[in-house]
Amino acid sequence: MQTDFTATRALFDLPEGVIYLDGNSLGPLPRAVPARVAQAMTDEWGQMLITAWNKAGWMGLPERLGDRVGQLIGAEPGTVTLGDTLSIKVFQALSAALQARPARKVILSDSGNFPTDLYIAQGLADLLAAGHELRVLAPEEVEAAIDDTVAVTLLTEVDYRTGRKHDMKRLTAKAHAAGALAFWDLAHSAGAVPVDLAGCGADFAAGCTYKYLNAGPGAPAFIYVAPRHADTVRPALAGWLGHEAPFAFDPDYRPAPGTARMRVGTPPVLQLAALEAALDVWQGVDMADLRAQSLALTDRFIAAVEAACPDLRLVTPRDHASRGSQASFAHPEGYAIMQALIARGVIGDFRAPDILRFGLTPLYIGPAEVDQAAAILAEIMATRAWDRPEYHARARVT
Ligand SMILES: *Cc1c(COP(=O)(O)O)cnc(C)c1O
């Protein structure tokens with residue numbers, strides 16, 4: 001293994017006494033981010049004022065950083081741009097896919113998908129009022145259901161709750177064989193597992209930068225459009241910054257060449273500055289090393305928890321090829337157990353109805369943290385320390 005995970009750990013500012021197993025929901029703060037954001041505020045915004053759009057290169061940030069994100073997900077240069085939120089990018093990609101397959105009416109997804117993906121698809125079908133159907137099957141039934149009625153598959157590679165991982169290459173090939181397009185949500189893949197968008201032949205993909213890419217709360221989403229579609233797709237959200245010549249202020253919309261047409265409005269410059277510094281963490285990280293270490297840590301955590309906590313039921317697949325970078329366990333009192341863990345400095349999260357979720361990120365988590373987290377969980381389970389009124393009170397965000 002070439003990657004030095006002790007060195008990457010030193011690039012993060014984590015609070016003393018905390019074991020952070022929730023980077024799958026909000027990545028921690030890379031040490032270089034505050035200075036870069038401060039520079040964007042004081043030197044760029046403060047001193048350059050509006051001239052910073054040119055002088056500091058703000059206008060080109062979505063494509064410049066899009067290419068850097070693209071390197072982490074196997075995208076061809078020039079195929080990724082940044083902006084908005086993942087929900088909006090799902091809408092854009094799906095609407096583009098449906099326009100490219102006008103004779104087909106089925107959007108095929110699975111019941112493990114994140115709710116926003118399903119809501120957006122349903123909302124889009126309602127808006128189009130053209131007879132589209134969102135078909136939601138069990139994850140293991142999706143492959144057999146890809147037929148010539150399907151316009152687009154709407155799948156999240158790694159299930160946010162269980163960590164189950166689809167075979168992106170196989171399902172994409174199946175979609176193409178049936179004449180359908182494949183959209184992949186990479187929210188729990190980008191920065192978590194090796195992704196090869198170009199090699200898989202994916203048509204569209206999108207994901208967030210605030211999870212495993214550590215760009216901070218509210219950081220923009222990314223969207224990928226395969227080169228063979230990039231100059232023909234019609235973006236449903238035809239914003240001025242996706243125009244071929246925004247500063248011509250032409251009343252007629254003409255899409256920009258390539259994926260840049262998926263830009264909508266003004267880019268979130270301060271969040272992009274945070275992302276720029278956060279991406280530096282990946283210099284010297286080999287994705288194959290990251291994957292090997294993530295699987296080793298997850299195996300270690302699962303073994304320790306299963307040995308000490310017979311009441312917790314593993315819901316993450318054991319098979320390496322079928323899981324992402326997290327371990328999830330079900331328990332009817334999962335919420336209270338997670339609150340007891342957080343009170344002891346082990347931060348994971350809870351996903352309704354009963355799932356304790358632990359993201360294991362080698363960039364800043366090592367075997368010692370895994371062992372300690374498992375020991376603290378074992379102690380909570382053995383003593384029923386979770387059964388206190390304050391741990392049952394539900395907060396707004398779980
Ligand atoms: C986190 C997540 C989202 C979040 O979408 P936002 O618009 O960024 O809030 C969407 N889809 C999946 C699969 C996710 O895991």
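**Group meeting: strands, a buried asparagine and some rings**

Hi everyone. Let's start with strand 3 (residues 106–110) and strand 4 (residues 133–137), which pair in the parallel sense over five bridges. Strands pair here if DSSP finds at least two bridges between them, and the helices (H or I, at least four residues) and strands (E, at least two) are DSSP runs numbered from the N terminus. Within this pair, Ile107 has Leu134 of strand 4 as its bridge partner. From strand 3 the chain passes through helix 6 (residues 115–128) to reach strand 4, a right-handed β-α-β crossover; right-handed means that, with the strands pointing away from the viewer, the path from the first strand over the helix to the second runs clockwise.

A word on the source: this is a predicted model, where local features need pLDDT of at least 70 and side-chain atom pairs count only at pLDDT 80 or more, while totals for chains, interfaces and linings use all residues. Residues are numbered from 1 along each chain as its sequence is written, and side-chain values use heavy atoms, leaving out hydrogens and water.

Now, what sits in the loop between strand 3 and helix 6? That is Asn113. Is Asn113 buried or exposed? Its relative accessibility is 3%, so Asn113 counts as buried (buried is under 20% relative accessible area, exposed over 50%, partly exposed in between, with a 1.4 Å probe and protein chains only). A polar atom of the Asn113 side chain lies 3.2 Å from the backbone oxygen of Leu154. Beyond its neighbours within four places in sequence, Asn113 is in contact (heavy atoms within 4.5 Å) with residues including Leu154, Thr156 and Tyr160.

Over to helix 2 (residues 33–48), where Val33, Arg36, Val37, Ala40 and Glu44 are buried. The buried residues of helix 2 pack against helix 3 (52–55) and helix 10 (269–279). Leu49 follows helix 2 and has a positive phi, near 50 degrees.

Last, the rings. Rings of Phe, Tyr and Trp (its six-membered ring) pair if their centres lie within 6.5 Å; planes under 30 degrees apart are stacked, over 60 edge-to-face, and the rest tilted. That rule gives 11 aromatic pairs. Trp240 and Phe247 have ring centres 5.3 Å apart and planes at 65 degrees, so they are edge-to-face. Trp240 also forms a stacked pair with Phe249, at 6.0 Å centre to centre and 20 degrees between the planes. Trp240 is partly exposed at 37%, whereas Phe247 is exposed at 56% and Phe249 is exposed at 57%. Elsewhere, ring pairs link Phe12, Tyr20 and Tyr364 into a cluster. Thanks, everyone!

Methods: A polar contact is a pair of N or O atoms within 3.5 Å; within protein, one must be able to donate a hydrogen and the other to accept it, and residues adjacent in sequence count only if both atoms are side-chain atoms.
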